[in-house]
Amino acid sequence: GGSWTIRGYPFFYFSGAKIYMMNQEFRFPLIERFVLKTPFITLKFGGVKGAAYFDCGGAFDKDFAYPKGSIGVGMRINLAYYTALRFDLAFRTDFKHLETSPIYDIFFGWDF
């Protein structure tokens, strides 16, 4: 689980010797350029992107594990070069029920 696997699940939620996973993400521009000016400094950001995504997968040792998944939306702000600040809102599912309370995830690091 976590920001780089199935969003909405905590790290080490999935365990096993065999894994499977699928991530689909659609990105789109929200704000082309963002500039914050103060009397002392001017900060320029390369833009804010939106994302809609679907993740699913699982892990197991011997018996096949039925998949878990999440759907959601998010925003990404490019800070410098490959560094980004990401905010995701995920709704977890077991493909029979969809949880109604969202899971929030904030990630600061590289963007894929």
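Start with Phe12. It is exposed, because its relative accessible area is 78%. On the terms: buried means under 20% relative accessible area, exposed means over 50%, and partly exposed is in between, with a 1.4 Å probe and protein chains only. Phe12 sits in the segment before S1. Strands here are DSSP runs of E, at least two residues, numbered from the N terminus.

A word on the source. This is a predicted model, where local features need pLDDT of at least 70 and side-chain atom pairs count only at pLDDT 80 or more, while totals for chains, interfaces and linings use all residues. Residues are numbered from 1 along each chain as its sequence is written, and side-chain values use heavy atoms, with hydrogens and water left out.

Back to Phe12. What is its phi? Phi is positive, about 65°, although Phe12 is not a glycine. Most residues other than glycine have a negative phi. Phe95 also has a positive phi, near 70°. Phe95 lies in the loop between strand S6 (83–93) and strand S7 (103–110). Phe95 counts as partly exposed, because its relative accessibility is 42%.

Now Arg7. Is Arg7 buried or exposed? Arg7 is buried, because its relative accessible area is 3%. Arg7 belongs to the segment before strand S1 (18–31). Its side chain makes a polar contact of 2.7 Å with the side chain of Glu25. A polar contact is a pair of N or O atoms within 3.5 Å; within protein, one must be able to donate a hydrogen and the other to accept it, and residues adjacent in sequence count only if both atoms are side-chain atoms.

Glu25 comes up again at Ala51. Ala51 is in strand S4 (residues 48–60). Ala51 counts as buried, because its relative accessibility is 1%. Leaving aside neighbours within four places in sequence, its contacts include Glu25, Phe26 and Gly72. Contact means heavy atoms within 4.5 Å. How far is Ala51 from Phe40? They are 11 residues apart in sequence and 33 Å apart in space, C-alpha to C-alpha.

Last, a strand pair. Strand S2 (residues 34–37) and strand S3 (residues 42–45) pair in the antiparallel sense over four bridges. Two strands pair if DSSP finds at least two bridges between them. Lys37 has Thr42 in S3 as its bridge partner. A hairpin of four residues joins S2 to S3.
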